[in-house]
Amino acid sequence: MTLLGAGKFEEGWPTYDDHRKIERRDDLTGASWVGDDLDGRTLLIYAEQGFGDVLQFSRFVPLAAGRGRIVFEVPRPLLGLLAQLPGVDQIVARGDKLPHYDVRCALMSLPRRLGIAFDRIRGEAPYLAADRSRVAKWRSRIEALPGLRVGLAWAGNPALANDRRRSIALQALARLGDVPGVSFVSLQKGEASAQTSQPPSGLTVHDWTAELADFADTAALISTLDLVITVDTSIVHLTGALGRPVWLLNRFNSCWRWLFDPTRSPWYATLRQFKQPAPGDWAAVVEDVKTALADCASHAIPPGAFDEALRHHQAGRLDRAEIIYQRVLDKNPDHAGSLHLLGVIHFQRGEPARAIELIGRAIELEPKNGNFRHNFANALGALGRRAEAEAQYRAAIGLDENHVDAHGALGMLLLEAGRLDAAEPHLRQAHRLRPLSEITCNNLGILLCRRDALEDAEAKFREALQLNSGFAPAHANLGSVLRSRGALDGAEEHCRLALARDARLAEAHFVLAQVHEGRERYDEAERAYRTAIALKPDCADWYNDLAKLLVDLRRLDEAWPLFDQTLRMRPDHPEAHSNRAIARLLTGDHLEGWTEYEWRWKLKKRPGRLDDFAQPVWNGEDISGRTLLIHAEQGFGDTIQFCRLVPLLRSGARVVLEVQRTVAPLLKDLPGVDEIVPRGDPLPHFDVHCPLLSLSRFLGLSLTEVPGQVPYLAADPARVEAWRKRLRTIGGFRVGLVWSGSPTMADDRRRSIPPDLLSGLAAIPGVSFVSLQKRAAGQMIVAPAGLALHDFTDELNDFADTAALIANLDLTISVDTAVIHVAGALGRPVWLLNRFNGCWRWLLDRDDSPWYPTLRQFRQPCPGDWSSVVAEIAQALELAQNGIESLAMSAAE
């Protein structure tokens with residue numbers, strides 16, 4: 001407890017968890033939860049200790065809910081209040097029959113299991129809310145009381161061991177009755193509530209506690225009060241959780257949860273402590289409270305109250321501003337300004353529904369006020385009512401064409417909906433009207449990012465930071481741009497600057513996760529993704545990105561629920577569908593995988609040209625006597641791998657196959673094709689068209705039905721003979737070598753090998769290495785140091801040349817490039833140097849391939865470990881020189 005009281009949560013939680021007396025629960029079964037992902041399991045969280053502990057720690061339940069299904073068991077008096085806690089699938093009163101669950105966790109163990117550090121305790125409130133109908137019951141009664149309305153609770157449960165040190169008698173509060181302009185309302189339950197029948201002289205306490213049946217009733221009453229003053233009981237936690245002002249009368253040796261701060265608490269932003277200066281000195285505490293209360297009461301309804309409330313509001317003193325706005329409305333229920341700004345306060349506290357109610361009433365009174373409509377739209381947008389929000393923003397602009405905030409907010413609303421063309425004029429107008437605002441610069445930068453104008457976006461984010469170097473969103477967005485451009489050092493620096501200014505900025509954690517993933521720091525990437533999701537659990541994209549990472553780490557059982565979560569939030573999420581399809585294909589589930597893979601055509605960056613043709617897409621219907629265009633998509637390797645499916649169609653149609661120009665000569669004799677067209681040449685007449693990879697779906701091929709017969713392509717005999725003559729002088733076992741793919745491919749850095757890692761192959765006797773390593777335009781090729789390499793690649797003008805050269809080699813060794821597919825399609829021996837998170841087509845945990853019988857895989861044992869792969873290749877090469885050619889001939893037969 002000392003560690004926790006000092007704010008050393010990382011050390012304190014485990015110690016507290018291990019040594020506190022956890023209530024014995026013989027009725028509970030199942031393993032204890034250790035904080036891992038639930039993967040479809042159900043977690044029982046059961047309350048323990050006092051009501052205050054349950055109220056305080058229930059804030060962590062929604063964080064656990066991000067891991068899976070939650071059942072929450074609570075004391076019966078708290079059932080009504082906690083029933084609406086976000087993320088809880090089922091709430092059960094203690095003593096009632098529990099539903100099925102798989103693992104369990106005591107409520108006060110959640111901070112340890114969730115890794116809650118001190119800096120994550122920000123006192124965010126409200127995280128609980130009173131029932132509106134119950135609040136309405138109390139409001140008229142409380143509003144009839146004059147002055148500042150203050151709730152009182154002076155004693156706890158006498159059965160608690162330390163109760164005598166935290167509780168006082170109502171008599172001890174007698175001097176508060178000397179403060180004018182205050183009405184006191186009892187919140188005291190239990191034995192001590194009887195003291196209101198004989199209150200101290202001069203202290204009038206209104207007591208309706210007999211009507212408080214449970215904590216939901218108490219919460220409703222508290223919600224109508226201006227302030228609550230209480231000793232350390234559950235009332236302080238309830239008031240703080242509701243986000244209402246609360247003063248804690250605290251003993252000298254207070255509970256650990258109040259830390260060593262004499263006035264404030266990180267648990268509740270609205271709490272103020274009045275602590276005994278010495279053990280037992282309640283008189284000093286009450287005197288301090290009396291002074292503070294007199295100050296509050298004296299400012300309850302001063303002249304110019306609205307202006308004063310506005311000043312408090314602008315200074316961030318929301319509680320004080322709220323009290324005064326409400327006082328103004330008590331005197332004048334139709335004061336539009338107070339209704340509007342009181343609604344804004346509720347919006348700032350995360351209560352958009354209440355904000356809509358209040359600001360809507362203000363608009364009824366002043367329908368031509370653009371500021372009212374702008375903030376009304378903000379609240380509507382927070383509830384997902386986007387069309388209504390858009391209409392209100394446009395109404396605000398209609399009332400004031402230079403309403404900069406309405407232009408900016410409308411632009412961002414449209415941007416989030418993907419309506420970039422509609423968003424741009426509003427974001428640019430906001431920037432023109434307020435060019436020296438970091439917010440308008442940042443928002444315009446976000447638009448430019450969406451348009452892939454990364455240089456211009458970077459300039460805008462840097463401009464925002466020149467205006468305000470501490471503006472965390474601009475740091476995070478600049479980090480995102482730099483990451484997209486491959487500048488990972490700069491990206492990480494700006495993410496960390498963003499988090500130094502706002503540790504709870506979810507977007508900064510997300511971009512940092514992407515940076516870590518780019519650096520192959522996968523553990524750190526996973527943690528950052530999970531932090532981002534915990535802070536902003538409504539962002540569907542992030543679940544998808546984490547799922548994709550877990551697929552790359554081959555933790556598919558953890559990835560499936562995340563894909564499902566993404567698609568529950570956005571059923572039409574194309575990236576999630578495409579990524580899940582690839583994961584299905586990786587596991588060999590071709591039937592489901594190819595069906596879902598059609599979502600690739602909804603991606604922002606499509607893999608081919610589905611919409612470039614006026615003719616319809618072929619969907620498998622009868623096309624006998626018509627002409628079908630099949631067009632290649634994606635890379636050279638995809639074309640070579642999937643062209644084998646064309647002869648299987650037997651559609652009765654004339655087939656035109658459009659492929660990349662350098663692939664066309666290799667495919668010229670492909671059966672089932674009436675005409676090969678190099679991409680870029682004029683296309684002949686056709687009636688329907690189909691992307692090449694979609695043939696797998698139409699053919700309905702399962703993994704066991706993959707047509708793996710080789711060769712299905714043949715090298716040109718004349719070119720083969722020409723290369724045979726060229727290679728006569730190269731003796732020994734001839735091995736073709738490729739160590740790098742195209743640098744334009746997103747994952748090339750992970751599939752390509754630093755060439756010097758291959759230098760050790762030079763020591764293998766009897767082997768001659770022939771380069772098959774082509775270079776992209778502007779790319780420098782560095783051969784492995786010390787490796788004698790015969791290089792004819794300048795003479796390889798297309799894949800037919802490459803095939804002819806491979807046909808004269810004993811073995812081809814390559815990273816995952818098109819050369820693998822050429823060698824495999826020719827039925828030649830080929831070894832694949834494969835990364836840990838290899839492409840879906842190479843499946844899981846296999847060293848062979850159903851697509852190419854002559855292929856052998858050598859996989860990284862962990863991400864980035866090429867040294868082990870090269871060592872295994874070297875050993876295999878020494879053993880294989882004598883038998884590999886006969887193996888290839890057998891497979892080809």
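Trainee: In which crossing does α21 pass α22?

Mentor: α21 passes α22 in a left-handed crossing; that is, the near helix is turned anticlockwise from the far one by less than a right angle, and clockwise would be right-handed. Helices are DSSP runs (H or I, at least four residues), strands likewise (E, at least two), and both are numbered from the N terminus. This is a predicted model, where local features need pLDDT of at least 70 and side-chain atom pairs count only at pLDDT 80 or more, while totals for chains, interfaces and linings use all residues. Residues are numbered from 1 along each chain as its sequence is written, and side-chain values use heavy atoms, with hydrogens and water left out.

Trainee: How do the axes of α21 and α22 cross?

Mentor: Two packed helices are described by the angle and the distance between their axes. Here α21 (residues 454-467) and α22 (residues 472-484) have axes that come within 9 Å and cross at roughly 155°. Therefore α21 is roughly antiparallel to α22 (over 145 degrees; under 35 is roughly parallel, 65 to 115 roughly perpendicular, the rest oblique).

Trainee: Which residues in α21 and α22 meet?

Mentor: Contact means heavy atoms within 4.5 Å. In α21, Leu454, Ala457, Glu458, Phe461, Arg462, Ala464 and Leu465 take part. Their partners in α22 are Ala474, His475, Asn477, Leu478, Val481, Leu482 and Ser484. By class, this contact has nine nonpolar, three polar and two charged residues.

Trainee: Why is α9 largely enclosed by the rest of the structure?

Mentor: Check burial (buried is under 20% relative accessible area, exposed over 50%, partly exposed in between, with a 1.4 Å probe and protein chains only). α9 (residues 215-223) is largely enclosed because nine of its nine residues are buried. They pack against α3 (51-57), α5 (79-82), α7 (132-143), β7 (182-186), β9 (227-231) and α10.

Trainee: What does Ser234 touch?

Mentor: Ser234 lies in helix α10 (residues 234-241) and is buried at 16% relative accessibility. Ser234 touches Phe51, Gly52, Leu55 and Phe215, not counting residues up to four places away in sequence. Phe215 is itself one of the buried residues of α9.

Trainee: What share of the protein do buried residues make up?

Mentor: Buried residues make up 55% of the 893 residues. The protein has 37 helices and 21 strands.

Conventions: Axes are lines fitted to C-alpha atoms, for helices over the stretch in contact, and angles run from 0 to 180 degrees between N-to-C directions. Ala, Val, Leu, Ile, Met, Phe, Trp, Tyr, Cys and Pro count as nonpolar, Asp, Glu, Lys and Arg as charged, and the others, Gly among them, as polar.
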